[in-house]
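Please examine the structure shown here with attention to its ligand, its pockets and its cavities.

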Amino acid sequence: MSHIPFGRYQVPGNRALVMGILNVTPDSFSDGGRFASLDFSLSHAEQMIRDGVDIIDVGGESTRPGAPSVPLEEELRRVLPVLYALRECGTPISVDTYKPEVMREAVLAGVDMINDINAFRAPGAIDAVRDTDCALCIMHMLDKPATMQDKPAYADVVGEVIAFLRERIDALTAGGIDRRRLWIDPGFGFGKTTEHNYALLKAGRRMVLELGVPLLAGLSRKSMIGAVTGKPVEQRLAGSLGGALAAVAHGAGIVRVHDVAETVDALKVWHAANGQLSEPN
Ligand code: 9MG
């Protein structure tokens, strides 16, 4: 079986991987103080592991449109205890951050991927990850979370996103980073209309072919799912599963999701239908 280096691990290269979302933000747990929130986060991570997650993505700042930014010290207070507690959990850990200081601390805590919605554009971000073996996810975002959904406009959304990702790949490789560590992500919902999002979803294979870097897709429960199903965020499971399968059909190697158990099952059936049977756990 082929494997891909991924931080401390080798991950399977012959099937799509499921990245489970672990939000460590105050709105993601009932408020019982810091110990309760750590407990809650770890139970959630353990459940994802039982459900067959391939990578856990830990984030301390909400990236929803209009969300306020979180000060550095607060982000560190949120994510570091979780990263250290999960260090030896046997599953690759990713940290979702755009702050170079958080990247450095997360590397010391042993993370295997840095997932940067800002594509390592912050001063010092490339330096923070150069001398590590972490996988790096470069995401496209128009503007910044506070304002990105204010009338996003492109002449050619797919061409412009590819050009942006190419420029970032070049910046990272010129900065001394091995291309084999990189993943690209069109950033569904980050400064895009529904039409932009679906044009990008369909263009997954073109991105992989033109850029020569594997693709990560995050569309779980997003507005692009609500826009076609008419469902509120808490009723977007079926739509999100459809989106995950579509992303894999269009070339995604990792899908970033909230609903791990259901996505793992959906992908097992998907892969079986494409000639790759897996054994039940
Ligand atoms: C943190 N985060 C929220 N949505 C995301 C997406 O679509 N991709 C990546 N890489 N990260 C995301």
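**The ligand and the spaces around it**

The ligand is surrounded by Thr63, Asp96, Asn115, Ile117, Cys137, Met139, Asp185, Phe190, Leu216, Gly218, Lys222 and Arg256, where a residue is near a molecule if one of its heavy atoms lies within 4 Å of it. This is a predicted model, in which local features need pLDDT of at least 70 and side-chain atom pairs count only at pLDDT 80 or more, while totals for chains, interfaces and linings use all residues. Residues are numbered from 1 along each chain as its sequence is written, and side-chain values use heavy atoms, with hydrogens and water left out.

By class, the shell around the ligand comprises 5 nonpolar, 3 polar and 4 charged residues. In this scheme Ala, Val, Leu, Ile, Met, Phe, Trp, Tyr, Cys and Pro count as nonpolar, Asp, Glu, Lys and Arg as charged, and the others, Gly among them, as polar.

An N or O atom in the side chain of Asp185 is 2.5 Å from a nitrogen atom of the ligand. A polar side-chain atom of Arg256 lies 3.4 Å from a ligand nitrogen atom, and a polar backbone atom of Gly218 is 3.1 Å from a ligand oxygen atom. Taken alone, the ligand exposes 300 Å², of which the protein buries 97% (Shrake-Rupley method, 1.4 Å probe).

In which pocket does the ligand sit? The ligand sits in the largest pocket, by the criterion that more than half of its atoms lie within 2 Å of the pocket's grid points. A pocket is an open set of points on a 1 Å grid over the protein atoms alone, with protein on both sides within 12 Å along at least five of seven lines; lining residues have an atom within 4 Å of a point. The largest pocket holds about 1,000 Å³ of space, and its lining has 39 residues, of which Ile21, Asn23, Arg64, Ser220 and His258 lie nearest its centre. Strand β3 (17-23) and helix α1 (33-50) each supply at least two residues of this lining, which divides into 13 nonpolar, 15 polar and 11 charged residues.

The second largest pocket has a volume of about 370 Å³. It is lined by 16 residues, and Arg15, Ala16, Lys268, His271 and Ser278 are the closest to its centre. Helix α10 (residues 260-273) gives the largest share of the lining, 4 residues.

The whole structure also contains 4 cavities of 30 Å³ or more, a cavity being a set of points where a 1.4 Å probe fits but cannot get out. About 50 Å³ of space lies in the largest cavity. Its lining includes Pro186, Phe188, Leu200, Met207 and His250. Strand β9 gives the most to this lining, with 3 residues. By class, the lining of the largest cavity has 9 nonpolar, 2 polar and no charged residues.

Conventions
A polar contact is a pair of N or O atoms within 3.5 Å; within protein, one must be able to donate a hydrogen and the other to accept it, and residues adjacent in sequence count only if both atoms are side-chain atoms. Grid points are joined across faces, edges and corners, and a volume is the space filled by probe spheres set on the points.
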